[in-house]
Amino acid sequence: MAALTYPNIDPVAFALGPFEVRWYGLAYVAGFVLAALIFRSLNRRWKVGLTDDDLLDIVLAGVVGLVVGARIGYVLFYGVGSYWDDPVSILAFWDGGMSFHGGLVGILLAGLVVARRKGVPPLRLYDLGAVGAPIGIFLGRLANFINGELWGRPTDVPWGMVFPGAPGTAPRHPSQLYEALLEGLVIFVVLTVLSRKRRGDGFIIGTLFALYGVFRIFVEFFREPDIQLGFVAGSFTMGQLLSVPMVAAGLWLIWRAMRSGPESPGPAGLSESTGAGEVPESR
């Protein structure tokens with residue numbers, strides 16, 4: 001059975017003495033930096049009124065929320081109780097084990113706290129951050145591919161690959177690349193186009209939710225289920241089950257934003273009818 005050769009890229013980008021810098025860590029850093037630059041540009045274009053100091057606070061809160069949420073999410077959704085036998089291992093971020101859905105919850109909670117402190121409607125802050133988020137997803141999935149993890153199911157397609165760490169010798173779908181393309185590049189292009197026009201609060205983040213959920217559900221049919229879980233509901237995986245609420249929430253946010261329409265920002269980037277830290281009343 002013909003298959004493409006897996007490139008076997010060293011997961012370690014470079015080393016400084018005993019300290020190793022991995023592509024996965026660089027993907028996180030690069031994703032946040034690029035997302036922050038897009039956030040800054042949109043903040044000016046939409047006249048939200050946040051300062052560069054505000055932006056730094058938001059990015060730092062986002063980093064903490066994402067990392068903590070992703071780890072806790074993995075422990076709860078994919079740990080299958082193993083972490084409770086050795087609770088200290090929960091803190092071992094460097095050993096891998098991060099959940100996108102957990103990270104999403106963490107960054108949303110962090111954003112909610114920061115939005116209240118900065119006097120910006122939370123949905124508006126989420127919209128600002130959503131446009132650059134797919135860049136981080138794209139880079140993260142490429143890092144998964146470099147690590148040779150989260151491989152796909154066996155296949156006979158011409159672009160199938162034999163991953164060194166996967167069981168057996170059958171070619172598998174490079175599902176990490178599917179996710180990088182759909183959840184990363186495609187969503188980024190769509191959100192970039194939508195962000196050119198000021199829309200109702202929640203429209204952009206709602207579109208991100210809906211598209212990511214649909215694409216994740218689709219790609220999971222080509223991705224090998226997590227070995228410790230397998231299929232959790234018939235032929236469906238944990239990733240698919242966690243993505244269904246995302247699609248529903250995304251569609252609701254889009255509907256809500258279209259119903260309320262864009263609001264004109266006031267002097268501090270707030271709606272003229274909205275006080276500091278309050279969510280617009282229009283539903």
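This is a predicted model: local features need pLDDT of at least 70, side-chain atom pairs count only at pLDDT 80 or more; totals for chains, interfaces and linings use all residues.

Residues are numbered from 1 along each chain as its sequence is written, and side-chain values use heavy atoms, with hydrogens and water left out.

A nonpolar core is here a set of buried Ala, Val, Leu, Ile, Met, Phe, Trp, Tyr and Cys residues joined through side-chain atoms within 4.5 Å; buried means under 20% relative accessible area, exposed over 50%, and partly exposed in between, with a 1.4 Å probe and protein chains only. The largest such core has 40 residues, of which Phe39, Leu50, Leu125, Leu128, Leu191, Ile204 and Ile205 touch the most other members. Among the elements that give two or more residues to this core are helix H1 (23–45), helix H2 (52–78) and helix H5 (122–130), and its largest share, nine residues, comes from H8. Helices are DSSP runs (H or I, at least four residues), numbered from the N terminus. Apart from this core lies another, of six residues, including Tyr6, Trp151, Met161 and Ala166.

The structure also holds eight aromatic pairs, where rings of Phe, Tyr and Trp (its six-membered ring) pair if their centres lie within 6.5 Å, and planes under 30 degrees apart count as stacked, over 60 as edge-to-face and the rest as tilted. Phe100 and Tyr212 are stacked, because their ring centres are 4.0 Å apart and their planes are at 20 degrees. Since Phe100 lies in helix H4 (residues 100–118) and Tyr212 in helix H8, this pair ties together parts that are 112 residues apart in sequence. Tyr212 is buried, with a relative accessible area of 1%, whereas Phe100 is partly exposed at 27%.

Asp201 is placed in the loop between helix H7 (175–194) and helix H8 (203–219), and at 5% relative accessibility it counts as buried. Its side chain makes polar contacts (pairs of N or O atoms within 3.5 Å; within protein, one must be able to donate a hydrogen and the other to accept it, and residues adjacent in sequence count only if both atoms are side-chain atoms) with the side chain of Arg124 at 3.1 Å and with that of Arg198 at 3.0 Å.
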